[in-house]
Amino acid sequence: MSLTVSPHAIVEVLQNAALITGLVMTMLLLIEYINVCTATRSLSRLRRSRLLQVAVAALLGLLPGCMGGMAVVSLFTHGVLRFGALLAGMVASVGDEAFAMYALFPLKALQLQGLLLAIALAAGYAA
């Protein structure tokens, strides 16, 4: 059995890959721009408070899609967030599946994200 792939499918895959790469690059550039323009003043309050780090990371993780997770990882690599905040962001993250959950069962999706937020805050603070 041979597998044939249409040129249209290849173009569609390449377009989606370019879109996702562009979104990730935009998020990373935006965080870097804020970091450079403010000379780290705006992020200094976040650096000092572990509880604020965990809360911000968990809330960013709740955002549907990968942008919140990418923001948390970028802030971690810049030394703004500690490991506990990174953990909280990843625990709270549902990713692209959040879009499907909100479309299929919105109330249960909100309940699930509320539960994930509570677990993420506890895990992040404990770490």
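Begin by selecting helices α4 and α5 in this predicted model: their axes come within 10 Å and cross at roughly 170 degrees. Because angles over 145 degrees count as roughly antiparallel, α4 is roughly antiparallel to α5. Next, display the side chains that form the contact. On α4 these are Gly69, Val72, Val73 and Phe76, and on α5 they are Phe83, Ala85, Leu86, Gly89 and Met90. Classified by residue type, this contact contains seven nonpolar residues, two polar residues and no charged residues.

Now widen the selection to the largest nonpolar core, which has twelve residues. Select Met27, Ile31, Leu43, Leu46, Ala57, Ala71, Val72, Leu75, Val80, Leu81, Ala85 and Leu86. At least two residues of this core come from each of α1 (7-37), α2 (41-48), α4 (67-77) and α5 (83-92). Which helix gives the most to this core? It is α4, with three residues. In soluble globular proteins, nonpolar side chains tend to be buried together.

Leaving aside residues up to four places away in sequence, Leu75 touches Ile31, Leu43, Leu60, Val80 and Leu81.

Finally, move to Val11, which is located in helix α1. Is Val11 buried, partly exposed or exposed? Its relative accessibility is 43%, so Val11 counts as partly exposed. To end the tour, select Asp96 together with Val11: the two are 85 residues apart in sequence, and their C-alpha atoms are 22 Å apart in space.

Key. Residues numbered from 1 in each chain as written. Predicted model: local features only at pLDDT ≥ 70, side-chain atom pairs only at ≥ 80, totals over all residues. Heavy atoms only, no water. Core = buried A, V, L, I, M, F, W, Y, C linked by side-chain atoms within 4.5 Å. Buried < 20%, exposed > 50% of the residue type's maximum accessible area, 1.4 Å probe, protein only. Helix = DSSP H or I, 4+ residues; strand = E, 2+ residues; numbered from the N terminus. Contact = heavy atoms within 4.5 Å. Axes fitted to C-alpha atoms, helices over the stretch in contact; angles between N-to-C directions. Parallel < 35°, antiparallel > 145°, perpendicular 65-115°, else oblique. Nonpolar A, V, L, I, M, F, W, Y, C, P; charged D, E, K, R; others polar.
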